[in-house]
Amino acid sequence: MDHQPKFFENLSGTGKAIGVLTSGGDAQGMNAAVRAVVRMGIYVKAKVYFVYEGYQGMVDGGDNIVEVSWESVSSILQVGGTVIGSARCKSFRTREGRLQAACNLVQRGITNLCVIGGDGSLTGANLFREEWSGLLEELAKKGKIDQEAVKKYAYLNIVGMVGSIDNDFCGTDMTIGTDSALHRIIEVVDAIMTTAQSHQRTFVLEVMGRHCGYLALVSALACGADWVFIPEYPPEEGWEDLMCVKLSENRARKKRLNIIIVAEGAIDCHNKPITSEKVKDLVVQRLGFDTRVTILGHVQRGGTPSAFDRILASRMGVEAVLALLEGTPATPACVVSLSGNQSVRLPLMECVQMTQQVQKAMDEGRFIEAVRLRGRSFENNLNTYKLLSQKKPDAELPKSNFNVAVLNVGAPAAGMNAAVRAAVRVGITEGHKMFAVIDGFEGFAKGKIKEITWGDVGGWTGQGGSILGTKRTLPAKYLEKIADQMRTNNINALMVIGGFEAYLGLLELSAAREKYDEFCVPMVMVPATVSNNVPGSDFSIGADTALNTITDTCDRIKQSASGTKRRVFIIETMGGYCGYLANMGALAAGADAAYIFEEQFDIRELQANVEHLTEKMKTSIQRGLVLRNENCNENYTTDFIYQLYSEEGKGVFDCRKNVLGHMQQGGAPSPFDRNFGTKISAKAMQWISKKLVETYRKGRVFANTDDSVCLLGMRRRTLLFQPVAELKNETDFVHRIPKEQWWLKLRPLMKILAKYKTSYDVSDSGQLEHVAMHSPKEAETGTI
């Protein structure tokens, strides 16, 4: 760490009162945000109040504004919707209503508001803040409060968090609830695909998004839909013919089903609505296909929040309290949001204005502008979808005369198949001949290699595991045979999708370049492992799916523990020596402790955890959850910890243990893993094309520099190609983990939310940034 860490211990909430409300449409994860605000507020010794039923409760006052305790937010982390209620409120839109709301807040000394809602709710909060001093003066004139109160509560601080399943708010990559809504959509699409295949049907799915096509676009990308309609990117004139040609071509290629996704706000280029019924009628009339419409409706808002949304909301909630504590009369109202994996603070009205600009651009038919205003992430999704959904006729494809091989290495990870599909399709679009290697480096040595076409990878995005087959074997002992195969099949570039073994494999192949010219070709690695332990990338394909599996299991176990009372569960997670799954799983499941290798612990800490749980059993929350990474300590095994807890907790609580095992590697990939795998892999293949052109000399490809063997990883806010040779210094090869890991900074968060005293470095937060407009060029290079 170069900077002087800044810790929040010197930020005290003593004497401050925070009100938290949820407003507008509900979204999964709002409860996780409410829980984090309450617990962080109490942790810094502030008073925290629930405002029930959104702004309506603020206006009505009375029992709608209630001080809460630590235990008030127990067991809500895994509940969808919002437990404090949300309502549309007409009276708050009037000055009279806001006057009443101000009076109710001042009576309780609340001058800090945390508002969780959409842009309408946040705009309302900002207006309230601007009027605050005027409202207090008026209340004093009417004799409802005294001059003392006007001075004491002179200004109102507002921090917003965006809770909206549509992801329609500019300035944040993901709003709370978006990922969970995608989970609901993808669950339905996966289920519909099996019945559609049985009957050779076409399904038209209508998803939410009146003004924003994010859900439609990303779910189309995640399930490989044939066509998608979104408000920001209306189809060109004559789209009816184009769509019907595409659907019939797919049927001709032996594809037994078609999926069309329609956002509820979809329009054509004349701003006329395109409805799911209209699309269905068109397909039936023109093609005679058996077609059904499914409108997902409010299913998308429901259900339990995904692991991503719980972690996002917990991080935002803590950040919101810090922002309120640091607020001054001069601080503008801000929203806490996510950029890459960094939490940032942005001026609320800048974000709102930009969000309104998108709508204005769409109303005026400036659709290219609208897509750009939505941000880099949206633009990237759209470009990737366009690249992968439609195959150009062979005559239109360039001919590069390059052969590119794709292989999976290491343990299976959900999302690997989505990555292979993207690589193959982008490769074909760029004019290469694509080859699939079966069973990793071992299969490569045995000559298990075959050409793979556009149609071969259809329907792969939703498949778990690795269809190509994967092995942990490293190439070192097969170098000569692999070189032979590369020569025989004239392979000009390699794309390796895998975990730590893939990284070691590329290091071995690049070291062997001196001896074998065949390895002097561009090689790129895309990280895919549930352990998330690859240096050079903050995220790996497969880790999100594993995290959701852990979280779902922990939810069920917590329910079982609540039923029996006074029970502590010890759960062992995978990850090798990397504590990512244990730590993030603990944060998402609301665990009491997580033992990981990266943070050494001793018998005293184990003892302290037991005492902590003993105290907890005296409260109304009579259950405990402890996660342990499989390799966190060779002596303090899961059995040892289980026996220790059982002995020390005798008479107070009993213990059970659970080893989650390989279920963490299985299952259908989560929307995040499908999407991340697709986009990162497409980008890697474009890099290969560029390198092939750069290194083609005198009729052959010859690449022997370090920058021709790269790992493509997500770092903070951007996707970066990093030479594997340069990553050596960042790697702990003995324990197969990166030396520095970003998520360790979130470790204190879990402890705070579980009521442990701890230090939390807040150096990264606190600076108010501005909403950046990006140039079209950035969309090609930048973030996910």
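**View 1. Salt bridge between D654 and R567 in the predicted model**. D654 counts as partly exposed, since its relative accessibility is 30%. R567, at 13%, falls under the 20% cut-off and therefore counts as buried. The two side chains meet in a salt bridge with an N to O distance of 3.1 Å. D654 belongs to strand β21 (residues 654-659) and R567 to strand β18 (residues 567-573), so the pair ties together parts that are 87 residues apart in sequence.

**View 2. Salt bridge between E131 and R95**. The closest N and O atoms of this pair are 3.8 Å apart. Because E131 lies in helix α4 (residues 119-141) and R95 in helix α3 (residues 95-107), the contact links parts 36 residues apart in sequence. E131 is buried at 15% relative accessibility, whereas R95 is partly exposed at 36%. Through shared partners, salt bridges join R95, R98, E131, E138 and K142 into one network.

**View 3. Salt bridge between E364 and K360**. Their side chains meet at 3.3 Å, N to O. E364 has 45% relative accessibility and counts as partly exposed. The whole structure contains 38 salt bridges.

**View 4. Open parallel sheet of 4 strands**. The strand order is β7-β8-β6-β9. β7 (227-229) and β9 (291-295) are the edge strands, each pairing on one side only. From one strand to the next, the twist averages 15 degrees. Helix α6 (residues 178-199) packs on the sheet and touches β6 (202-207), β8 and β9; the directions of α6 and β6 make about 165 degrees.

**View 5. Pairing of β7 with β8**. These parallel strands are joined by 3 bridges, with β8 spanning residues 258-263. W227 stands opposite I260 in β8.

Note on methods. Residues numbered from 1 in each chain as written. Predicted model: local features only at pLDDT ≥ 70, side-chain atom pairs only at ≥ 80, totals over all residues. Heavy atoms only, no water. Pairing = 2+ DSSP bridges. Helix = DSSP H or I, 4+ residues; strand = E, 2+ residues; numbered from the N terminus. Axes fitted to C-alpha atoms, helices over the stretch in contact; angles between N-to-C directions. Contact = heavy atoms within 4.5 Å. Salt bridge = Lys/Arg side-chain N within 4 Å of Asp/Glu carboxyl O. Buried < 20%, exposed > 50% of the residue type's maximum accessible area, 1.4 Å probe, protein only.
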